[in-house]
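Please open the model in your viewer and keep the selection panel at hand. The stops below go from pockets to ligand to backbone.

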Amino acid sequence: MTKLRASITGVGGYVPDYILNNEELSKMVDTSDEWIMTRVGIRERRILKAPGLGSSELGSKAVLQLLEKTGTHPEDVDLLVCASVTPDHQFPATSAIICDKVGLKNAYGFDLNAACSGFLFALNTASKFIETGSCKKVIVVGADKMSSIVDYTDRTTCPLFGDGAGAVLLEPNMGDEGIIDSILHTDGSGRANLYMKAGGSAFPSSHETIDNREHYIYQEGQTVFKAAVSRMADVSAEMMERHNLTADDLAWLVPHQANLRIIDATAKRMGLDPSKVMINIQHYGNTTAATLPLCLCEWETRLKKGDNLILATFGAGFTWGSMLVKWAYDGDKISK
Ligand code: UT7
């Protein structure tokens, strides 16, 4: 029996206009362009400056572009899944706000939080609604306003993150193209190495939590780095082995953009030439749930029907995983 696959039939993305470069950052904390470029590979990141706007603003812009590029009527969308660690509010879900802002009147939506692996986990979850036949058009959006939880007095974390959003449309495909396989993992014993301590139910906001600067990202950089290198590389290599793929069979690696050295190590482990790796960390930094779709958006014109892509992530939790995707269309939808 032919399998119904969920295939990506369009991509959209959005980053805010304001560019915070390493020069400006080195006036805020004791750092330098040389340190950040050598250790991480980021030259600049985008920041949403306007007050009162959150991740839904970024996500809505990405979804609107996606709808326009794919010629999709908002009322034809069945479901929207939003991945974010920086929701507009604790509740309602950011997906509800995005649905309202872009006019998805017939869709239902929910949020999903798997930190930097959020988009991959959301894509895998959303694909099941297509594969089972319960939905025909599903939007997956990764949106994060990381600047809302970055401590701009902490040089160990403030250079790393930026704001952005990306979205994809999933539709059924009876052919070979679509989401072929995923390997996803969670190991919560790593949770204390990368987290935001306060603001949730364990440590609700108080004068004390604010005085202790506990509403910002806390990271044990080296521990996370070591775990990210081994696990993202292992799970990507495992995906290749599982499908008997060599480096020649792969068109692109689409890696989470947290550190250029982690990306390089993953590509090396897979035996991939650097020319087959999507890298835009230098422009946007780590946009958490938005890194993968922002890469797909930027590379869309170069993608061809039938291309094999491996998407790979590592993030807080710890969460990590890889996904094999056979790309479903040639080039940029907008130019068609
Ligand atoms: O996306 C979610 C997953 N997150 C990640 O994958 C991030 C993983 N971690 C990393 O990417 C790296 O660990 C960092 C980029 C966070 C840090 O790089 P590192 O090479 O591990 O540096 P380090 O923490 O070992 O620090 C080395 C030195 C220290 O100075 P001393 O103790 O050697 O004198 C730091 O104080 O660099 C210092 N340092 C800085 N110097 C200039 C730390 N941050 C900075 C900075 N500018 N911004």
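A pocket here is found on a 1 Å grid over the protein atoms alone, as an open set of points where a 1.4 Å probe fits and where protein lies on both sides within 12 Å along at least five of seven lines, and its lining residues have an atom within 4 Å of a point. Grid points are joined across faces, edges and corners, and a volume is the space filled by probe spheres set on those points. This is a predicted model, in which local features need pLDDT of at least 70 and side-chain atom pairs count only at pLDDT 80 or more, while totals for chains, interfaces and linings use all residues. Residues are numbered from 1 along each chain as its sequence is written, and side-chain values use heavy atoms, with hydrogens and water left out.

**The largest pocket**

Begin with Val85, Thr86, Pro87, Ile149 and Met196, which are the closest to the centre of the largest pocket among the 38 residues that line it; the space in this pocket comes to about 1,000 Å³. Next, colour domain 1 (5-177) and domain 2 (179-333) separately: both give residues to the lining, so the largest pocket lies between them. These domain bounds come from an automatic or database domain assignment. Strand 5 (108-112) and strand 9 (194-195) each supply at least two lining residues of the largest pocket, where strands (E, at least two residues) and helices (H or I, at least four) are DSSP runs numbered from the N terminus.

**The second largest pocket**

Now select Leu160, Gln219, Gly221, Phe225 and Asn259, which lie nearest the centre of the second largest pocket, lined by 24 residues. Helix 2 (33-39), helix 7 (221-242), helix 8 (260-270) and strand 12 (308-315) are the elements that give two or more residues to its lining. Which element gives the most to the lining of the second largest pocket? Helix 7 does, with seven residues. The volume of the second largest pocket is about 570 Å³, and its lining draws at least three residues from each of domain 1 and domain 2.

**The ligand**

Show the ligand together with Thr31, Arg155, Gln222, Asn259 and Asn286, the closest of the 23 residues that surround it, each having a heavy atom within 4 Å of the ligand. Then look for its polar contacts, that is, pairs of N or O atoms within 3.5 Å. An N or O atom in the side chain of Arg39 is 2.9 Å from an oxygen atom of the ligand, and a polar side-chain atom of His256 lies 3.0 Å from a ligand oxygen atom. For Arg155, a backbone N or O atom lies 2.8 Å from a nitrogen atom of the ligand.

**Backbone details**

Most residues other than glycine have a negative phi, and most peptide bonds are trans. Select Phe91 and Pro92, whose peptide bond is cis, with omega near 0 degrees; Pro92 is found in the loop between strand 4 (79-83) and helix 4 (94-102). A cis peptide bond also joins Gly317 and Phe318, with omega about 5 degrees, and Phe318 lies in the loop between strand 12 and strand 13 (319-326). Finish at Ala115, where phi is near 50 degrees, a positive value in a residue other than glycine; Ala115 lies in the loop between strand 5 and helix 5 (118-131).

Terms used: A polar contact is a pair of N or O atoms within 3.5 Å; within protein, one must be able to donate a hydrogen and the other to accept it, and residues adjacent in sequence count only if both atoms are side-chain atoms.
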